[in-house]
Amino acid sequence: MFLIICIIVARALKEFTHCYPPSIMDPSELRARIKRFRILIIGRANAGKTTILQRVCKTRENPEIYNSAGEKIDPAVLMASRERGMHDIEDEMIFRNNPGFVFHDSRGFEAGGQFEFDKAKAFIASRSKERNLSDRIHVIWYCIPMDEDSRSFTEAEVKFFSQCDTGSIPVIVLFTKFDALYDDEFAELISKGVSRKDAEALAPQHAKEAFANGPQLKLLYDHKGNQRPPKCHICLPDMDKDGADCGPLIERTAEILNDDTLKQLFVSTQRTTLELCMRYAVGRSLVLHLDSTQAILS
């Protein structure tokens, strides 16, 4: 059995390096068919949304903005519109460093107004049913910051998870600025006589454990009050620091994509982890070889 597995692994690696199995499209062919991976990011002002997108695209530059007609919007015009409270969720944000991703921002939705909510809801409903796969929203990242002044859910967040039907679009909740919880745990440990050095080392794990049993997750996954819970959540600390790791976000996003074509598109578009690309390609090859081997043996 071990020899058979070794042969399968060797064949999988050879197939990965020389050609593509039937269910794995050539990246250039895939890009021509679907063009870009499309993400809707939702969240309050100052939730760290832009910082996260910059980390994902490995850049510090601001995105270029295009309207629904594909025309680039002048930053000065865009800023003036936002100052007047105007924003179009149909606008596309693209970072030059990785144009394979296109982002939509629900800016203004966090205010909790019915008009903003209805607009976002209509956008999601429309984009979940687009006949062209490249025009659909492929995943939603919902950002909820954990800094001192905004740890409880807002009306907009409660309304979204109880009323907004996202259809087949998977939703991940991103608890941003999670490192703000470290300070509370650090202070608690110090009050118990723990040394500053040890408290600093222990605070992150204590924060994760306290959060796992806290009110946010209970509310988020409470099926009685929350009819449409997310697929999963992830805690993102220190995204504003040099060397911040958004790898866990990339990994979880890839995991929840049920469509193999979209999964391959996402994995090949992201530039955060080469390991994920290797695991996906080899994993798919192994599945194909195992299936074919099982068919032969049966």
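Me: Why is F37 called buried?
Reply: Buried means under 20% relative accessible area, exposed over 50% and partly exposed in between, with a 1.4 Å probe and protein chains only; F37 has a relative accessible area of 0%, so F37 counts as buried by that rule. This is a predicted model, in which local features need pLDDT of at least 70 and side-chain atom pairs count only at pLDDT 80 or more, whereas totals for chains, interfaces and linings use all residues. Residues are numbered from 1 along each chain as its sequence is written, and side-chain values use heavy atoms, with hydrogens and water left out.

Me: What makes F37 and F101 an aromatic pair, and why is the pair called edge-to-face?
Reply: Rings of Phe, Tyr and Trp (its six-membered ring) pair if their centres lie within 6.5 Å, and planes under 30 degrees apart count as stacked, over 60 as edge-to-face and the rest as tilted. The centres of F37 and F101 are 6.2 Å apart with 90 degrees between the planes, so the two rings pair and the pair is edge-to-face. F101 is likewise buried, at a relative accessible area of 0%.

Me: Why is N98 called buried, and what is N98 in contact with?
Reply: The relative accessible area of N98 is 2%, which is under 20%, so N98 is buried. N98 is placed in the loop between β3 (92-94) and β4, and, leaving aside neighbours within four places in sequence, has contacts (heavy atoms within 4.5 Å) with C57, T269, Q270 and R271.

Me: How do you know that the charged end of K159 sits over the ring of F117?
Reply: The rule asks for NZ of Lys or CZ of Arg within 6 Å of the ring centre and within 35 degrees of the ring normal; the charged end of K159 is 5.2 Å from the centre of the F117 ring and is listed as sitting over that ring.

Me: Where does helix α8 bend?
Reply: The bend, the angle between axes fitted to the seven residues ending at a residue and the seven starting there, is about 40 degrees at L202, and a proline, P204, follows within four residues.

Key: Helices (H or I, at least four residues) and strands (E, at least two) are DSSP runs, numbered from the N terminus.
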